[in-house]
Amino acid sequence: MDQLRFDGRVAVVTGAGGGLGKAYALLLGSRGAKVVVNDLGSARDGVGKSNFADAVVKEIKDKGGEAVADYNSVVEGEKIIKTALDNFGRIDILINNAGILRDKSFQKMSDQDWDLVHAVHLKGAFKTTQVAWETFKKQKFGRVIMTSSNAGLLGNFGQANYSAAKMGLVGLASTLSIEGAKYNIKVNTIVPTAASRLTEDILPPDMYQAMKPELIAPVVAYMSHESFEDSGLIIDSTLGFATKAHLIRSQGAPLRRKPTDPVTIESVKEKWGEVVNMNGARRIDKIAEVTVDLVEKLQEFEERSKLDTDRESYWATY
Ligand code: NAI
């Protein structure tokens with residue numbers, strides 16, 4: 001296969017001073033993209049500032065690539081996009097990767113722990129993406145990656161703030177993939193698991209060694225390429241493996257015997273096994289399908305009930 005290149009493309013990678021973002025920036029830089037290496041250079045909990053980004057810029061340049069450092073917080077995402085436009089005159093790819101942790105069990109979580117985690121992950125992605133959106137729409141091209149987490153999709157003890165923000169990013173990506181469709185703006189979500197300072201005390205040591213960010217970077221780079229047509233996907237990747245995740249809905253069940261019966265707490269209890277039975281569960285692709293699906297199910301139920309009633313009254317005459 002021909003090498004997938006990014007020549008002429010400008011990529012912004014937030015939080016690219018270390019960990020996963022660094023691997024994304026290095027890979028894109030090595031394939032011809034001009035890269036804005038953004039990193040506030042904070043500690044893991046979001047406190048402080050430093051110039052982590054410089055070393056990554058140097059590494060890209062030493063290998064013959066083009067890159068510029070940016071030390072703004074994603075909370076001021078407009079400044080990061082301005083760095084791309086001022087230095088390279090355009091922006092094509094935005095990888096929202098910056099992140100912090102402020103893990104606490106729920107009752108001990110302060111407003112600050114909640115607000116800062118939401119500010120960096122969710123508000124940060126909103127700010128950068130909204131400013132880049134204007135250019136993406138005008139040029140009818142854009143590739144956006146959101147970074148979620150299994151802690152968001154599944155929950156994780158001590159990460160209420162982080163889980164909520166990470167699931168928020170999935171919702172943001174879903175809506176933006178719809179709004180971006182006619183402008184060739186593809187918005188997808190990566191769910192990575194990799195060795196970094198965020199996971200150094202969480203992953204077992206031998207797993208930590210094996211979970212190299214470089215194994216995930218090609219997945220993110222492919223999803224950022226101009227040939228990548230999918231949008232609104234959630235892709236989970238680690239250890240050189242990738243899989244797609246999405247929400248599914250059960251077949252469901254009517255909550256009463258006949259359409260004329262009331263729905264009672266007891267009838268809900270009686271039908272609960274059918275409501276949560278996932279046999280035959282399926283993905284609903286568009287919000288419009290949700291209502292259509294329910295209306296169809298209701299019609300089926302009403303027709304079935306009418307047949308039952310007709311049958312009952314037929315037998316009642318004998
Ligand atoms: P990391 O700590 O090495 O990288 C995050 C970078 O974001 C840091 O260099 C940090 O300085 C920077 N940053 C923090 N606040 C910032 C701000 N306000 N503005 C700009 N930059 C800021 O951690 P890692 O693991 O590489 O994380 C990257 C992303 O992947 C994060 O969004 C994280 O939540 C997510 N993630 C990572 C997982 C893993 O297994 N490593 C698992 C699931 C999600």
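**Figure 1. The end of helix 1 and the residues within it.** Just after helix 1, glycine 32 takes a positive phi of about 100°, where helices (H or I, at least four residues) and strands (E, at least two) are DSSP runs numbered from the N terminus. This is a predicted model, in which local features need pLDDT of at least 70 and side-chain atom pairs count only at pLDDT 80 or more, while totals for chains, interfaces and linings use all residues. Residues are numbered from 1 along each chain as its sequence is written. Eleven of the twelve residues of helix 1 are buried, so helix 1 is largely enclosed by the rest of the structure; a residue is buried if 20 or more other C-beta atoms, placed from the backbone, lie within 10 Å of its own, exposed if 12 or fewer, and partly exposed in between. Among the buried residues of helix 1 are Gly19, Lys22, Tyr24 and Leu28. The end C-alpha atoms of helix 1 are 17 Å apart, which agrees with the 16 Å that its twelve residues should span at 1.5 Å a residue, the expected span being 1.5 Å times one less than the number of residues.

**Figure 2. The shell around the ligand.** The ligand is surrounded by 33 residues, of which the closest are Gly15, Gly19, Gly99, Ser149 and Ser196; a residue is counted here if its C-beta atom, placed from the backbone, lies within 6 Å of the molecule. Two or more residues of this shell come from each of helix 1 (19-30) and helix 4 (111-139), and helix 1 gives the most, with three residues. The shell divides into eleven nonpolar, 19 polar and three charged residues, where Ala, Val, Leu, Ile, Met, Phe, Trp, Tyr, Cys and Pro count as nonpolar, Asp, Glu, Lys and Arg as charged, and the others, Gly among them, as polar.

**Figure 3. The surroundings of valine 37.** Valine 37 is found in strand 2 (residues 34-38), and it counts as buried because it has 32 C-beta neighbours inside 10 Å. Leaving aside neighbours within four places in sequence, the residues in contact with valine 37 include Val13, Ala25, Val56 and Asp70, a contact being a pair of residues whose C-beta atoms, placed from the backbone, lie within 7 Å. The C-alpha atoms of valine 37 and alanine 11, which are 26 residues apart along the chain, are separated by 8.7 Å.

**Figure 4. Strand 7 and its two partners.** All five residues of strand 7 (residues 234-238) are buried, so the strand is largely enclosed by the rest of the structure. In a regular strand the side chains alternate between the two faces of the sheet. Ile234, Asp236 and Thr238 point one way from strand 7, whereas Ile235 and Ser237 point the other way. Strand 6 (residues 185-192) runs parallel to strand 7 and is joined to it by four bridges, with isoleucine 234 as the bridge partner of threonine 189; two strands pair if DSSP finds at least two bridges between them. Strand 8 (residues 241-245) runs antiparallel to strand 7 and is joined to it by five bridges, and lysine 244 in strand 8 is the bridge partner of isoleucine 235. Strand 7 and strand 8 form a hairpin with two residues between them, and leucine 239 in the turn has a positive phi of about 50°.

Conventions
Contact = placed C-beta atoms within 7 Å.
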